[in-house]
Structure formats: structure tokens, C-alpha cells
Amino acid sequence: MGWFLTRKKSKPAGRSRVAAAVEKWDRQRTIEGLKWLASAAILIGLVLGWKHGQRALTGYASERGQPVAADRVELVDCPPWIHADVQSDLRWLASGYLTADPLSRAGLDEAHRALAANPWIESV
């Protein structure tokens, strides 16, 4: 006879069937999963903390972006033969574009363009 006509052996009924269906709890596997979960949570916390901290630092620095006074502007490597009035005018010109914001480069770029377009500097 063929295999389809043979009678299958029945499994014993009772407790052994339930015990075979339920796997035992693996403590080591659970601990490993918790370690991965903790690592992911720490990584997500670091990324979110970095973003929040960067935004807060930028806001803090921009609040402090007060215009720089002309007497605080320093002309580096300025030749000593330039008259003090001309130096004062150049400081005043640069101070109009500079702010105390340490993260703002735009003010420095604008001050550079303004000083480069100054007719006295162009003539020298």
C-alpha cells in the first residue's frame, strides 16, 4: 500500500503536548535583547540631546548678538603710518557690520566687503 493509506501514530494526549508547544524562557536571550534596547535608547537620547543642545546654544549666542562698539574693533597688522583718524573711521565702518555673536560669520563677511570697498583702502 502507499504511504497515504498507512495510519499515523497518534501522540499521547495530555501534559506533554502542552509542554512541547511552550518553549522555556531563555534568560540569556532576554538580557541580550535588553542590552540592545538600552544601547538604542542611549543612542537616540544622544542624538536628540545633541539637536536640542545645538538649537539652544545657537539661540543663546544669537541673543547675545549685540553690535560691537567701534572701540572694540581691532585692526590687526595695521601700519603705524596710517593716521589715527583714518583708523578710527575704519573701525567705525567695520563695527556697523559686526555683532558679538560668536557663531555669525555673515557680519565678518559684510565688514570685509565694506572695508574692501572703502575708497581709501582701494587707493592704498
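Modeller: One term to begin with: pLDDT is the predictor's confidence in each residue, on a scale from 0 to 100. You need it here, as this is a predicted model.

Colleague: Which helix has the lowest confidence, and which the highest?
Modeller: Helix α1, residues 15-21, is lowest, with a mean of 54. Helix α2, residues 27-63, is highest, at 91. The protein chain averages 80, and 77% of the residues score at least 70. Where pLDDT is low, the predicted coordinates should not be read in detail.

Colleague: How much of the protein chain counts as buried?
Modeller: Of its 124 residues, 11% do. As for contacts between residues at least 6 apart in sequence, 56% join residues at least 24 apart.

Colleague: What does Gln 87 touch, beyond residues up to four places away in sequence?
Modeller: Leu 75, Cys 78, Pro 79 and Ile 82. A polar atom of the Gln 87 side chain also lies 3.2 Å from the backbone oxygen of Ile 82.

Colleague: Where is Val 68, and why does Val 68 count as buried?
Modeller: Val 68 lies in the loop between α2 and α3. Its relative accessibility is 16%, and the limit is under 20%, so Val 68 counts as buried. Leaving aside neighbours within four places in sequence, Val 68 is in contact with Val 73, Ser 95, Leu 98, Thr 99 and Ala 100.

Colleague: How far apart are the C-alpha atoms of Val 68 and Tyr 97?
Modeller: They are separated by 8.3 Å, with the two residues 29 apart along the chain.

Colleague: How do you know whether Asn 118 is buried or exposed?
Modeller: Set its 16% relative accessibility against the limit of under 20%; Asn 118 therefore counts as buried. Asn 118 is in the loop between α4 and α5. Not counting residues up to four places away in sequence, Asn 118 touches Leu 90 and Leu 93.

Colleague: And what makes Asp 77 buried or exposed?
Modeller: Exposed means over 50%. Asp 77 has 74% relative accessibility, so Asp 77 counts as exposed. Its place is in the loop between α2 and α3.

Colleague: What is the phi of Asp 77?
Modeller: Positive, at about 55 degrees, although Asp 77 is not a glycine. Most residues other than glycine have a negative phi.

Colleague: What volume does the largest pocket have, and which residues line it?
Modeller: The volume is about 210 Å³. The lining includes Asp 77, Leu 75, Cys 78, Pro 79, Ile 82, Leu 90, His 112 and Trp 120. The elements giving two or more residues to that lining are α4 (106-116) and α5 (119-123). The largest share, three residues, comes from α4.

Colleague: How do the lining residues of the largest pocket divide into nonpolar, polar and charged?
Modeller: There are 10 nonpolar, one polar and one charged. Asp counts as charged, and Asp 77 is among the lining residues.

Key
Residues numbered from 1 in each chain as written. Heavy atoms only, no water. 1 Å grid on protein atoms, 1.4 Å probe; cavity = no way out; pocket = protein on both sides within 12 Å on 5 of 7 lines; lining within 4 Å. Points joined across faces, edges and corners; volume = space filled by probe spheres on them. Helix = DSSP H or I, 4+ residues; strand = E, 2+ residues; numbered from the N terminus. Polar contact = N/O pair within 3.5 Å; in protein donor to acceptor, adjacent residues only side chain to side chain. Contact = heavy atoms within 4.5 Å. Buried < 20%, exposed > 50% of the residue type's maximum accessible area, 1.4 Å probe, protein only.
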